[in-house]
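Colleague: Thanks for sitting down with me. Could you take me through this model, one question at a time?

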Amino acid sequence: MIRAYAVGQVRAAEASAMEDLFDGELMQRAALGLAEVAIARLSERAGGVAVLVGSGDNGGDVLYAAAHLARADHPVEVVLVGSHAHDGGVAAASGAGVSVLEWRGGEASPEVRAALAEADVVLDGITGIGGRPGLPEHLVALPELIGEDAYVIAVDLPSGADPAGRTWSETVYADETVTFSLTKPVHLLPPTEPATGLLTVVDIGVAEPSSPAVERLTHEDVARLWPVPGPDDDKYSRGVLGVVAGGELYTGAALMSVTAAVTAGVGMVRYVGPRHPTDLLRAAVPEAVFGVGRVQAWSIGSGLDVEQADEEQLAAARDALESDLPVLLDAGGLDLIDESRSAPTLLTPHAGELLRLARRLELADADDDQVRRTPVDVAQAVADRLDVTVLLKGAVTVVVPPTSAGLPIRSQSDGPSWLATAGAGDVLAGLAGALLASGLSPLDAGSLAALVHGVAADDANPGGPVRAMDVAHQLGRTVARLLSR
Ligand SMILES: NC(=O)C1=CN([C@@H]2O[C@H](COP(=O)(O)OP(=O)(O)OC[C@H]3O[C@@H](n4cnc5c(N)ncnc54)[C@H](O)[C@@H]3O)[C@@H](O)[C@H]2O)[C@@H](O)CC1
C-alpha cells in the first residue's frame with residue numbers, strides 16, 4: 001500500500017522530526033538525496049543542469065543540491081524565479097561555483113533561455129508543499145522554454161501543482177518527482193498525478209503519521225484483500241451477484257459484466273434482463289442463471305437505458321435499492337438514486353456521468369470544466385450527499401468514500417491507456433460487483449477491482465490494444481498471477 005499524507009500532517013511530522021535535529025538538517029538531507037538522484041540520472045546523459053529556484057524552502061532544497069552537483073563537476077546554472085531566495089542556499093551554490101541567473105518577472109533573458117534550452121537535466125524547485133496551484137504570470141511560458149529532450153526532476157512536487165491534488169492547474173510536467181520521506185496527495189490524485197512522472201521517495205527521517213489522506217493499493221495488497229475460497233465454501237457462501245444490465249439495444253454490456261463477474265470467480269451470477277441479451281448469455285456464459293432470486297449484492301446499470309428498460313429490470317433495480325443488500329450503480333443505473341440508502345453502495349461513473357449526477361443533485365454549477373478541474377471534489381460532494389462511495393473512472397481512478405466514514409480516498413493508476421475502450425466500464429462493474437457480493441466494502445471492492453481491471457488489460461495484450469471482452473476473459477488468470485506473488 002502506498003500512503004499519502006495531507007500537507008498539514010506532513011508539516012507536523014517534519015516539525016516533530018526537527019525537534020531532535022540541528023537547524024536546517026532536514027533540508028540538507030533533502031538536498032543530498034535529491035543531488036544523488038540527479039547524479040544517477042546524469043550518468044545516462046551529457047551533463048548540463050539548469051536549476052529553477054522559488055522563494056520558499058523548496059528553493060532552498062534545490063540550491064543546496066545545485067552546490068552538490070557543482071562539486072561533483074557537473075556544469076550547473078541556477079535561475080532564481082521568485083521575489084526572494086533562500087540566503088544560505090544561494091551562498092552555498094555560489095560558493096561551489098554555480099552561476100546564478102535571475103528571472104523574477106517579465107520575459108526571460110537570452111541567458112536564461114539558453115540555460116533552459118540547453119540543459120540535459122532540469123531541477124524544478126519553484127514550489128513545494130507551500131505552493132498555491134498555478135504558475136505565476138511570468139512563468140506561464142516556462143514549460144515551453146525547457147528543451148524537449150531534457151529530463152525534468154521536480155523537487156517534492158511539480159511546481160504549480162496543487163499539493164492537495166484537488167485542483168488542476170498549469171504546472172511544470174516532470175519526468176520524475178523526488179519527494180522526501182512522505183508521499184503527498186498531489187502524487188496520487190487524478191488532476192495532478194500526470195505531472196508527477198516517476199515518483200522517487202528519498203528518506204530524510206520523517207516518521208509516517210498514523211492516518212493517510214490517500215492510499216493506493218499495490219500488487220502486494222491483492223493477496224491480503226482478494227476473497228480466496230476455503231474448503232468449507234460453496235457457491236452461496238462465496239457470494240451470488242445479481243446483474244441488471246444491458247437491454248435489447250445494448251446487449252454487449254450484459255455479456256461483458258456477467259462474463260467479468262464469472263471469470264473473477266464469484267460464487268454465482270443471476271442475470272435479470274430482456275429476451276435478447278438473455279439468449280446471448282445462455283449461449284455465451286452457461287454458468288449464469290436467470291431471473292430474480294436470492295443474491296448477496298447487485299450490479300445495476302451497465303448498458304441500461306432507464307427510459308427504455310423493461311419492467312422486470314426496473315422492478316429488480318428498485319427492489320435492490322430498497323433492500324439492505326450492497327448495490328453497485330453504473331452508467332444508466334446512476335439515474336435511479338437520489339437519496340441515501342442504509343446498505344453499502346458503490347457508484348461507478350465516468351467523468352460525464354459524474355457531472356450529470358452532480359447536476360441532478362444540484363451539487364455542481366453549469367461549468368462543464370468542473371469535473372476536469374476538481375474531479376475529487378465533485379466525487380466527494382456526491383459521496384457526501386448520497387452517503388455512498390464514488391468510484392470515478394479515468395486514467396487515474398479514484399474511489400471516494402463519504403466523509404462521514406472517516407476513511408482515506410483510494411487512487412489507482414494500473415491500466416494502460418488502451419483500456420479507454422467501449423465495454424471496459426461494463427467489465428469493471430461486473431468485477432467490482434463480484435467483490436461486493438463476496439463481502440468486501442465498497443472502498444475495497446472498488447479499488448481492488450480498479451487495480452485488477454488495469455493489470456488484466458495489460459496482461460491480455462502487453463503493450464498493445466485490448467478489447468474489453470479480452471479483459472473480462474483475462475481476469476481469472478491475472479488474479480491467479482497476483483495471488484501467487
Ligand atoms: N519543512 C521542512 O522541514 C522541510 C521542507 N522541505 C522543503 O520545503 C518545501 C516547503 O517549503 P515552504 O513552506 O517554504 O513552501 P514552498 O517552497 O513550497 O513555497 C512557498 C513559497 O513559494 C511562493 N509561492 C507559492 N505559490 C507559488 C506559485 N504558485 N508559484 C510561485 N511561487 C509560489 C510563496 O510566496 C512562498 O514564498 C517542501 O515542499 C520541501 O521541498 C525540505 O527541505 C525538507 C524539510
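Modeller: Gladly, and please keep in mind that this is a predicted model. Let's begin with how the chain holds together: among contacts in the protein chain with a separation of 6 or more, residues 24 or more positions apart account for 71%.

Colleague: Good start. Which radius of gyration does the protein chain have, against that of a compact globule with 485 residues?

Modeller: The C-alpha atoms fill a box of roughly 80 × 50 × 45 Å along the principal axes. Buried residues make up 54% of the 485 residues. A compact globule with 485 residues would come out near 23 Å, and the protein chain agrees with that, at 25 Å.

Colleague: How many Å separate the centres of domain 1 and domain 2?

Modeller: The domain assignment gives domain 1 as 2-214 and domain 2 as 219-483. Taken over C-alpha atoms, their centres are separated by 39 Å.

Colleague: And what classes of residue are on the side of domain 1 that touches domain 2?

Modeller: The contact between the domains takes twelve residues from domain 1 and 13 residues from domain 2. By class, the domain 1 side has eight nonpolar, two polar and two charged residues.

Colleague: Let's follow Val 51, then. Which residue in β3 is the bridge partner of Val 51?

Modeller: Not counting residues up to four places away in sequence, Val 51 touches Val 62, Ala 66, Val 76, Val 78, Val 79, Leu 123 and Gly 125. Strand β2 is joined by five bridges to strand β3, residues 76-80, and the two run parallel. In β3, the bridge partner of Val 51 is Val 78.

Colleague: Which residues of β2 point one way, and which the other way?

Modeller: In a regular strand the side chains alternate between the two faces of the sheet. Five of the five residues of β2, residues 49-53, are buried, so the strand is largely enclosed by the rest of the structure. Both sets are buried: Val 49, Val 51 and Val 53 point one way, and the other way point Ala 50 and Leu 52.

Colleague: What about β7: which residue in β8 stands opposite Phe 180?

Modeller: Strand β7, residues 176-180, is mostly covered, with four of its five residues buried. With β6, residues 151-155, strand β7 pairs in the parallel sense over three bridges, and there Val 155 stands opposite Val 178. With β8, residues 198-202, strand β7 also pairs in the parallel sense, over five bridges. In β8, the residue opposite Phe 180 is Val 202.

Colleague: Which are the edge strands of the open sheet of eleven strands?

Modeller: The chain's secondary structure comes to 17 helices and 18 strands. The open sheet has mixed pairing and the order β1-β9-β18-β17-β16-β15-β14-β13-β10-β11-β12. Within it, β10 (residues 240-244) and β11 (residues 268-272) run parallel, joined by five bridges, with Val 240 opposite Met 268. Each edge strand pairs on one side only, and these are β1 (2-4) and β12 (289-290).

Colleague: Now a loop. Is Ala 207 buried or exposed?

Modeller: Ala 207 lies in the loop between β8 and β9. Leaving aside neighbours within four places in sequence, Ala 207 is in contact with Ala 13 and Ala 17. The C-alpha atoms of Ala 207 and Ala 17 are separated by 7.3 Å, although the residues are 190 apart along the chain. With 11 other C-beta atoms within 10 Å, where 12 or fewer is the cut-off, Ala 207 is exposed.

Colleague: Last one, on backbone angles. What phi does Asp 387 have?

Modeller: Most residues other than glycine have a negative phi. Ala 331, in the loop between β14 and β15, is buried, with 23 other C-beta atoms within 10 Å, and has a positive phi of about 45°. Asp 387 lies in the loop between α14 and β16 and counts as partly exposed, with 16 C-beta neighbours inside 10 Å. The phi of Asp 387 is positive too, at about 55°.

Notes
Residues numbered from 1 in each chain as written. Predicted model: local features only at pLDDT ≥ 70, side-chain atom pairs only at ≥ 80, totals over all residues. Buried ≥ 20, exposed ≤ 12 C-beta atoms within 10 Å, placed from the backbone. Pairing = 2+ DSSP bridges. Domains from an automatic or database assignment. Contact = placed C-beta atoms within 7 Å. Nonpolar A, V, L, I, M, F, W, Y, C, P; charged D, E, K, R; others polar. Rg over C-alpha atoms; globule rule 2.2 N^0.38 Å.
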